[in-house]
Amino acid sequence: MAVPAHTKTHPVADEPAQLLFEGADRERVHGAWRRLVSGKEFAYRPGLPPEERTALSYERLRLLNDAAGDPVELAADPYRLVGLHEWTGPVDGG
């Protein structure tokens with residue numbers, strides 16, 4: 001019996017999906033970013049004029065820089081670096 005195409009996994013998607021939902025490493029990869037963007041500093045603020053929205057993005061960037069730790073270590077860890085973008089991109093695209 002053939003497996004329907006829509007239920008087949010893709011080799012490139014298998015590892016990220018496993019990290020996100022099942023992997024033992026998911027707390028290291030995603031935990032800090034999930035906690036950070038869940039805080040009040042990253043809460044949605046409707047109606048901000050462009051200047052205030054930009055200033056808020058820079059404030060958030062400073063928080064991310066503080067949370068990231070050693071930038072060389074972060075750059076050397078592609079999973080954690082991708083996790084950073086996965087959590088922060090939807091919250092503040094700026």
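The structure is a predicted model, in which local features need pLDDT of at least 70 and side-chain atom pairs count only at pLDDT 80 or more, whereas totals for chains, interfaces and linings use all residues. Residues are numbered from 1 along each chain as its sequence is written, and side-chain values use heavy atoms, with hydrogens and water left out.

The chain has five helices and zero strands, and from the N terminus on its elements run α-α-α-α-α; helices (H or I, at least four residues) and strands (E, at least two) are DSSP runs, numbered from the N terminus. Of the 94 residues of the chain, 22% count as buried, where buried means under 20% relative accessible area, exposed over 50%, and partly exposed in between, with a 1.4 Å probe and protein chains only. The accessible surface comes to about 6,900 Å², and 61% of that surface belongs to carbon and sulfur atoms, with areas taken from the Shrake-Rupley method with a 1.4 Å probe and, for residues, with only the protein chains shown counting as cover. Contact is defined as heavy atoms within 4.5 Å, and among contacts between residues at least 6 apart in sequence, 55% join residues at least 24 apart.

The largest nonpolar core is made up of eight residues, namely Trp33, Leu36, Val37, Phe42, Leu64, Ala68, Leu74 and Leu84. Helices α2 (26–37) and α3 are the elements that give two or more residues to this core, and α2 gives the most, with three residues. A nonpolar core is here a set of buried Ala, Val, Leu, Ile, Met, Phe, Trp, Tyr and Cys residues joined through side-chain atoms within 4.5 Å. Leucine 74, in helix α4 (residues 71–75), is buried, with a relative accessible area of 8%, and under the same exclusion of residues up to four places away it touches Trp33, Ala68, Arg80, Leu81 and Leu84. Leucine 74 and leucine 84 are ten residues apart in sequence, and their C-alpha atoms are 9.5 Å apart in space.

The C-alpha atoms of threonine 88 and phenylalanine 42, although 46 residues apart along the chain, are separated by 8.9 Å.

The largest pocket holds about 340 Å³ of space and is lined by 17 residues, of which Leu61, Leu64, Thr88, Asp92 and Gly94 lie nearest its centre. The elements that give two or more residues to its lining are α3 (50–68) and α5 (78–88), and α3 gives the most, with eight residues. On a 1 Å grid over the protein atoms alone, a pocket is an open set of points where a 1.4 Å probe fits, with protein on both sides within 12 Å along at least five of seven lines, and lining residues have an atom within 4 Å of a point. Grid points are joined across faces, edges and corners, and the volume is the space filled by probe spheres set on the points. The lining divides into seven nonpolar, eight polar and two charged residues, where Ala, Val, Leu, Ile, Met, Phe, Trp, Tyr, Cys and Pro count as nonpolar, Asp, Glu, Lys and Arg as charged, and the others, Gly among them, as polar.
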